[in-house]
Amino acid sequence: MIRQNELVEPRFSDPALPPETRIYAVGDIHGRADLLNDVILRIEDDLARRPITHAIEVYIGDYIDRGSESKAVIETLAWRIAQRRAICLRGNHEALLEVFLADPAGLHPWMHVGAFTTLQSYGLSQSELSTSEFHIHRRLRDVFPEAHRLFLRCLQNSFSCGDFLFVHAGLRPGIPLEQQSVHDLLWIRDEFLDFKQSHGPLVVHGHTPVPHPELLTNRINIDTGAWMSGVLTCVAIEGTKVTVL
């Protein structure tokens, strides 16, 4: 278990970032704009105390659904991309939103994982959410800001730096990154979580909530279930060291 502000000496063969590089990796947000704003303040404070040449923010995906402020979360992250060149990964929830924006038939799979609160955050009323998927699709497309469409286009499925690989859900063991399916990068659980050997790079991921950040020999899980726990995890990685802000 890693506690806040605890410096963790790696228990693996020293995967490292390039010199003068620090990555701030943030776990699944799920509509908690309040927690995201708090994390950003912590990042800014840390940078003020410990300046570094290259500071990279990596958001691990699942920005929407479940919590009540999905629209505000995307608004904030779109600004971070534009102003800070933040890296925002695609989570399975964003993928479901993208499918629905393209096709009304995508509503039902999305509703099963929390679309209701996201649609409400964009101004759809309770009565509108009781109508057909075609009406809901048209209404969301009408109110969905162009900046948020651009945000979705900026999402990446993975990000590599030094000996670290950042993905939303994980990897299918034994498959090179360039051959991984997008579905696995966004959705995989047991095959990845149960695998104990090295993946090559050290994988930083979310998708599967845990009570505390997990630092294992082959992966780091930073999804601490923010929408229900009130804890949004941010880890700072520099050299071979990992710190929870």
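Reply: Happy to. The structure holds 4 aromatic pairs, where a pair means rings of Phe, Tyr or Trp (its six-membered ring) with centres within 6.5 Å. Planes under 30 degrees apart count as stacked, over 60 as edge-to-face and the rest as tilted. This is a predicted model, in which local features need pLDDT of at least 70 and side-chain atom pairs count only at pLDDT 80 or more, while totals for chains, interfaces and linings use all residues. Residues are numbered from 1 along each chain as its sequence is written, and side-chain values use heavy atoms, leaving out hydrogens and water.

One of the pairs is Phe100 with Trp110, which is tilted: 45 degrees separate the planes, and the centres lie 5.6 Å apart. Phe100 belongs to helix α3 (residues 92–102) and Trp110 to helix α4 (residues 107–111), so this pair ties together parts 10 residues apart in sequence. Helices here are DSSP runs (H or I, at least four residues), strands likewise (E, at least two), numbered from the N terminus.

Now look at Tyr122 and Phe144. Their ring centres are 5.0 Å apart and their planes meet at 35 degrees, so this pair is tilted too. It links distant parts of the chain, 22 residues apart: Tyr122 sits in the loop between α5 (115–121) and α6 (133–143), and Phe144 in the loop between α6 and α7 (146–154). Tyr122 counts as buried because its relative accessibility is 5%, and Phe144 counts as buried because its value is 4%.

The C-alpha atom of Phe164 is 4.8 Å from that of Leu202, 38 residues away along the chain. Leu202 lies in strand β7 (residues 202–205) and is buried, at 3% relative accessible area.

For contrast, here is a helix pair. Helix α1 (residues 33–49) packs against helix α2 (residues 70–84) at about 25 degrees, with axes 9 Å apart. α1 and α2 are therefore roughly parallel (under 35 degrees; over 145 is roughly antiparallel, 65 to 115 roughly perpendicular, the rest oblique). In their contact (heavy atoms within 4.5 Å), Ala33, Leu36, Asn37, Ile40 and Glu44 of α1 meet α2 residues including Ala72, Val73 and Arg80.

How values were computed: Axes fitted to C-alpha atoms, helices over the stretch in contact; angles between N-to-C directions. Buried < 20%, exposed > 50% of the residue type's maximum accessible area, 1.4 Å probe, protein only.
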